[in-house]
Amino acid sequence: MNPLLSSFLPFFLYLSSFGTILLVSVQALSIREASISDIQQAFKQDQLTSRQLTEFYLSEIRRLNPVLRGVIEVNPDALYQAGKADWERKAKPYGSLPVLHGIPILLKDNIGTKDKLNATAGSFALLGSVVARDAGVVARLRSAGAIILGKASLSEWANFRSLTAPNGWSARGGQGKNPYVLSADPCGSSSGSAISVAANMVAISLGTETDGSILCPASVNSVVGIKPTVGLTSRAGVVPITPRQDTIGPLCRTVSDAVYVLDAIVGYDPNDGATREASKYIPRGGYRQFLKAHGLQGKRLGIVRDPFFDFTNKPSQTLAFQNHFQTLRHAGAVLVDNLKIDNIDIILNATASGEAIAILAEFKITLNAYLKDLVASPVRSLADVIAFNQKNSKLELTDQIGQNIFLASEATNGIGDVEKAALSNLTYLSSNGFEKLIMQYNLDAIVTPGFEVAPVLAIGGFPGISVPAGYDDKGIPFGICFGGLKGSEPKLIEIAYSFEQATKIRKPPSFKP
């Protein structure tokens with residue numbers, strides 16, 4: 001068990017009873033840094049209830065969120081859900097409940113919930129909109145007994161409104177802060193999901209990724225992020241960018257926690273056609289069976305040094321990855337070094353690859369469809385959102401930040417010859433780049449620092465896992481990313497978990513200025 005769970009620490013909670021606010025001192029378990037397994041063990045031993053756990057996180061949100069801005073809103077029904085979970089735990093035999101039962105989770109604010117919470121992608125344009133149903137992943141989380149604690153902040157519109165918008169900023173949420181170094185980039189767009197988990201304002205969280213939006217905030221906020229194969233998790237009910245690249249995945253403090261969440265959210269959803277094809281990748285028995293301490297044994301890992309391992313003026317990263325390569329070898333992995341991905345310079349340039357051209361057209365089509373499907377909404381099209389931002393410039397900081405991506409997308413007219421050529425080029429770049437490299441050298445995965453490999457994985461719909469890998473001279477975290485072919489999550493989990501257990505690098509945030 002987490003040593004923190006074995007000690008009792010006093011903390012204060014404001015409890016409301018029939019309109020009277022009481023200051024109550026309670027003896028409660030210290031649950032900072034506790035894993036899902038730790039929490040479930042505490043539930044089993046009657047050391048902790050879901051209500052106490054939820055109250056703790058709500059108190060931490062009140063304490064930390066005014067600075068960190070990782071949470072946009074909390075669920076007014078969270079404590080009711082926690083009480084219900086406690087009742088169910090007493091009524092049912094231990095072991096019969098799912099592993100996420102009674103565990104609070106934050107959802108990125110572009111993930112729809114059919115409850116009292118909003119789903120706005122951080123924008124006032126969507127405030128008050130009503131979704132038709134829970135997002136597919138939310139329905140699965142509810143079935144697993146998770147408590148929907150609230151909505152995490154994000155880079156507004158998942159970083160797809162303007163080229164000059166700061167990472168982690170949204171009109172509704174304000175500027176998210178990196179809990180390790182407050183002045184450092186929190187990255188995005190799933191910034192709040194990573195910030196909140198890192199700072200122990202919640203146990204687990206969900207983010208979304210189109211290109212880097214899970215892997216990047218995971219890396220710089222020292223948490224684990226899993227970007228699943230596109231279609232492995234349903235995108236239904238999530239504010240879209242492009243169904244060709246969008247994916248939903250967990251951000252958690254440990255690989256095991258992230259895998260428990262992944263197990264809960266994967267699967268076929270009739271509201272997302274891509275899940276039918278991708279469901280063939282889901283292993284019988286789920287993903288937790290691949291949490292193996294010796295999972296690196298015999299794995300063939302490709303090292304693509306150019307351009308990913310350029311650590312000019314970054315001595316701490318240079319030393320860290322030299323040590324990590326040693327760790328991987330000692331754990332039984334075979335490192336295939338100095339590999340190249342064909343056309344990597346083009347792949348990493350969204351304009352040259354065609355990624356930008358394709359997504360601009362796809363975004364307009366899919367966003368308009370999403371907005372039209374809402375039960376109620378102040379806006380019904382991308383054009384409406386653009387007009388809202390112009391009319392509410394002070395609220396949305398339109399004069400300062402602009403909306404040039406929106407304007408470029410609105411100027412598109414479906415999937416024409418130019419877009420088809422771009423899509424064809426992306427397919428070519430993936431098959432003759434990353435896929436060819438993996439097959440040519442019989443690799444299980446490639447290893448890269450940070451998140452710079454994100455476009456390689458994004459354009460092909462490939463999975464990746466980011467694990468904490470160290471802290472630079474200023475204390476800013478950086479991660480290590482393991483990426484593989486579609487459906488390779490079992491191998492990636494074995495690799496990531498084995499690396500995590502061998503290194504145990506993550507430490508709680510320092511809140512440096």
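Biologist: Which residues in H8 and H22 meet each other?

Modeller: In this predicted model, Val 255, Ser 256, Val 259 and Leu 262 of H8 meet Ile 493, Ala 496, Tyr 497 and Glu 500 of H22. By class, six nonpolar residues, one polar and one charged residue make up the contact of H8 with H22.

Biologist: And how do the axes of H8 and H22 cross?

Modeller: The axes of H8 and of H22, which covers residues 489-503, come within 9 Å and cross at roughly 150°. An angle over 145 degrees counts as roughly antiparallel, and H8 and H22 are therefore roughly antiparallel to each other.

Biologist: What is Leu 100 in contact with, leaving aside its neighbours within four places in sequence?

Modeller: With that exclusion, the contacts of Leu 100 include Ile 36, Leu 141, Ile 204, Tyr 260, Val 261 and Ala 264.

Biologist: How many of the residues of S4 are buried?

Modeller: Five of the five residues of S4, which spans 104-108, are buried, and the strand is mostly covered. Pro 104, Leu 106 and Lys 108 point one way from S4, while Ile 105 and Leu 107 point the other way, and all are buried. In a regular strand the side chains alternate between the two faces of the sheet.

Biologist: How many bridges join S4 to S5, and how many join S4 to S8?

Modeller: Five bridges join S4 to strand S5 (residues 147-152), and the two run parallel; Ile 105 has Ile 148 as its bridge partner in S5. S4 and S8 also run parallel and are joined by three bridges, with Ser 205 in S8 as the bridge partner of Leu 106.

Biologist: What about S13, then: why is it largely enclosed by the rest of the structure?

Modeller: Strand S13, residues 445-449, has five of its five residues buried, so it is largely enclosed by the rest of the structure. Ala 445, Val 447 and Pro 449 point one way from S13, and Ile 446 and Thr 448 the other way. Three bridges join S11 to S13 in parallel, where Ile 303 stands opposite Val 447. S13 pairs with strand S15 (residues 477-483) in the antiparallel sense over four bridges, and here Thr 448 stands opposite Cys 481.

Biologist: On to the backbone: where is Ser 189, which a cis peptide bond joins to Gly 188?

Modeller: Ser 189 lies in the loop between strand S7 (174-175) and helix H6 (191-198), and omega of the bond from Gly 188 is about 10°. The peptide bond from Asp 306 to Pro 307 is also cis, with omega near 10°, and Pro 307 is placed in helix H10, residues 305-308.

Biologist: And what is phi of Asn 200?

Modeller: Phi of Asn 200 is near 60°, a positive value in a residue other than glycine. Most residues other than glycine have a negative phi, and most peptide bonds are trans. Asn 200 sits in the loop between H6 and strand S8 (204-209) and is buried, with a relative accessible area of 3%. Glu 33 has a positive phi too, near 70°, and is found in the loop between strand S2 (20-29) and helix H1 (36-44).

Biologist: Last one: is Pro 283 buried or exposed?

Modeller: Pro 283 counts as buried, at 17% relative accessibility, because buried means under 20%. Its place is in the loop between helix H9 (274-278) and strand S11 (300-303). Leaving aside neighbours within four places in sequence, Pro 283 is in contact with Gln 289, Phe 290 and Pro 490. The C-alpha atoms of Pro 283 and Pro 490 are separated by 8.0 Å, although the two residues are 207 residues apart along the chain.

How values were computed. Residues numbered from 1 in each chain as written. Predicted model: local features only at pLDDT ≥ 70, side-chain atom pairs only at ≥ 80, totals over all residues. Heavy atoms only, no water. Contact = heavy atoms within 4.5 Å. Axes fitted to C-alpha atoms, helices over the stretch in contact; angles between N-to-C directions. Parallel < 35°, antiparallel > 145°, perpendicular 65-115°, else oblique. Nonpolar A, V, L, I, M, F, W, Y, C, P; charged D, E, K, R; others polar. Buried < 20%, exposed > 50% of the residue type's maximum accessible area, 1.4 Å probe, protein only. Pairing = 2+ DSSP bridges.
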